[in-house]
Amino acid sequence: DGTLYVADMYRGIIQHLTYITGYLNQQIVNRGLEQPTGLGRIYRIVHTSTTPAPKPRLGSRRPAQLLEYLSHANQWHRMTAQRLIVERGDASVAPALRKLVRSARDDRTRLHALWTLDGLRQADAATVQAATADASPYVRAAAVRIAEPWIAQPQNAVRSTVNGLVNDTMPQVRRQLAASFGELPIAEREEALFAIGSRYGDDPVVADLIVTGVPGREVQLLERLLSAIPAQSAHRAMLVR
């Protein structure tokens, strides 16, 4: 409803039994951490100038009605609408979702629509390719992640489109590329990871992803880095470490 809730758990231990060892169990009992039960508070904090919104009751909405909530200013509405559409598995909303991916004004709406399509298993190559050119780096990164099944296929148009993002300077995109390139066949993977490493190897996340993406080929990649990238390059230094 647009207000802030604070849950006071009011207990010394909040843990699943599976993860409590004999030693921890004894400590809990000795310190009385399992008590009290049945107590606690929920605070609802409302600014004096705020008029709480009506209860959304999204559970009673049909999938087609939930689409409008993917554009809601409140994140809870967007996330809940996405979850409910995916859980119900109604693919009849796929065309409307594809339209939102391409034309919604808010990048958050485009992002939710793209992931909802993926959750429904209705993400198509044309829509994913269009999303790789989105103005938002978050949407482009999501498109790369969703494109992984096509990335694994040889001579696929989506793979070529994704490879074209190697010059994308936004960290969200280059990091997702470094992760998703792990779906490539090993020979092509090494080439793609070298290409992104030579540009953004000074990003520690990119460096880690590159190293984990070439199991058994670390030495060969290291030799190539040492010979092809100038010694003073920050990209090389991070990757070599």
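**Close-up 1. Thr109 and its contacts.** Setting aside neighbours within four places in sequence, Thr109 touches Leu70, Ser71, Leu100 and Ala104, where contact means heavy atoms within 4.5 Å. Thr109 sits in helix H5, residues 107-119; helices here are DSSP runs of H or I with at least four residues, strands are E runs of at least two, and both are numbered from the N terminus. With 2% relative accessibility, Thr109 counts as buried (under 20% relative accessible area is buried, over 50% exposed, in between partly exposed, using a 1.4 Å probe and protein chains only). A note for all views: this is a predicted model, with local features needing pLDDT of at least 70 and side-chain atom pairs pLDDT 80 or more, while totals for chains, interfaces and linings use all residues. Residues are numbered from 1 along each chain as its sequence is written, and side-chain values use heavy atoms, leaving out hydrogens and water.

**Close-up 2. Helix H7 and what covers it.** H7 (residues 137-146) is largely enclosed by the rest of the structure, because 8 of its 10 residues are buried. Those buried residues are Pro137, Val139, Arg140, Ala141, Ala142, Ala143, Val144 and Ile146. Their cover includes H5, H6 (125-131), H8 (148-151), H9 (157-163) and H10 (171-180).

Close-up 3. Gln172 belongs to helix H10 and, at 22% relative accessibility, counts as partly exposed. Leaving out neighbours within four places in sequence, Gln172 is in contact with Pro137, Tyr138 and Ala141. The C-alpha atoms of Gln172 and Tyr138 are 6.4 Å apart, though the two residues are separated by 34 residues along the chain.

Close-up 4. Most residues other than glycine have a negative phi, and most peptide bonds are trans. The Gln35 to Pro36 peptide bond, however, is cis, with omega near -5°; Pro36 is in the loop between helix H1 (22-31) and strand S2 (41-45). Arg57 has a positive phi, near 50°, in the loop between S2 and helix H2 (63-66), and is exposed at 58% relative accessibility. Arg121 also has a positive phi, near 60°; Arg121 is in the loop between H5 and H6 and is exposed at 76%.

**Close-up 5. Arg224 over Phe194.** Arg224 lies over the face of Phe194, 4.0 Å from the ring centre. To qualify, NZ of Lys or CZ of Arg must be within 6 Å of the ring centre and within 35 degrees of the ring normal.
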